[in-house]
Amino acid sequence: MDIDDLYGAPLDRFVPQRTELAKALRKDGKRDEAAEVAALRKPSVAAWAVNQLIRTQGRSVQGLFEAGDALRSAHEQVASGQGDAQDLRRATQDERAAVDMLVQAARGLLTSDGNELSPAVIERVAETLSAAALDPEARARVGEGRLERELRHVGLGFLGDIAAAPAGAPKGKAPAPKRKQDQDRKAEARQRERAQALKDARATERDARRELERTTRATDTAQERRDKAASALEDAERALADAQAQAQAAAAAHDQATQALERIQTQ
């Protein structure tokens with residue numbers, strides 16, 4: 001068993017297998033690697049689901065990445081005045097279709113309790129897949145199949161603006177503004193709004209991530225304590241069974257010795 005196996009295992013087996021792997025590494029004298037394994041965080045349900053998709057849906061995952069590349073390319077073409085808004089719309093639809101295909105596969109996954117993934121988890125899976133399609137850093141993290149937390153991409157606010165361009169606009173050109181100054185002012189206002197929205201979103205995500213990390217650590221610690229307690233109980237039960245067997249054997253030997261003594265005394 002290695003780290004890749006750990007992230008591919010059923011979610012409820014992550015902590016026990018992490019403990020087993022760390023123990024095995026320590027036993028082999030690989031203390032640094034053991035410490036690294038022990039520090040691994042249990043994935044969220046959405047991250048676990050994405051990890052399973054990476055392992056089982058290789059062709060669809062590759063299709064998602066290709067659709068994301070095509071979408072970014074289409075946007076760059078339109079932004080430079082050389083592309084077609086219709087091509088951008090098609091690229092957007094293809095990317096969404098690729099996400100939907102993987103989301104459908106995720107719906108077939110079951111939680112450790114044997115239940116289907118909740119709608120909230122499915123939504124986070126979709127957000128993570130979109131991030132992997134469009135953001136190179138997110139793609140690298142998702143592609144490893146060792147994701148611990150779901151991802152969210154907030155850097156493509158341009159899509160709504162460009163995709164909504166009038167269908168009759170000249171190919172490769174944006175609609176001509178009435179006055180360049182008005183256009184510049186509007187563009188600056190949009191940039192400020194986006195910058196503020198991005199700042200607020202990052203702050204909210206950062207606070208939520210910290211709280212999630214705190215509660216996850218607490219959950220993992222409690223899980224480890226429970227596992228250790230269960231292991232200690234098993235050891236104690238085995239020791240008790242051995243002691244009881246030895247006591248029964250000793251009692252039987254004592255009875256035999258007593259009977260032998262009585263026979264000698266009565267002769």
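**Helix packing in a predicted model**

Trainee: What share of the contacts in the protein with a separation of 6 or more comes from residues 24 or more positions apart?

Mentor: This is a predicted model, in which local features need pLDDT of at least 70, side-chain atom pairs count only at pLDDT 80 or more, and totals for chains, interfaces and linings use all residues. Residues are numbered from 1 along each chain as its sequence is written, and side-chain values use heavy atoms, with hydrogens and water left out. With contact taken as heavy atoms within 4.5 Å, the share from residues 24 or more positions apart is 69%.

Trainee: How many helices and strands does the secondary structure of the protein have?

Mentor: Helices are DSSP runs of H or I with at least four residues, and strands are runs of E with at least two, numbered from the N terminus. Along the sequence the pattern reads α-α-α-α-α-α-α-α-α-α, and the count comes to ten helices and zero strands.

Trainee: How are H7 and H8 oriented to each other?

Mentor: The axes, lines fitted to C-alpha atoms over the stretch in contact, with angles from 0 to 180 degrees between N-to-C directions, come within 6 Å for H7 (residues 119-134) and H8 (residues 136-143) and cross at roughly 120°. Angles under 35 degrees count as roughly parallel, over 145 as roughly antiparallel, 65 to 115 as roughly perpendicular and the rest as oblique. H7 and H8 are therefore oblique.
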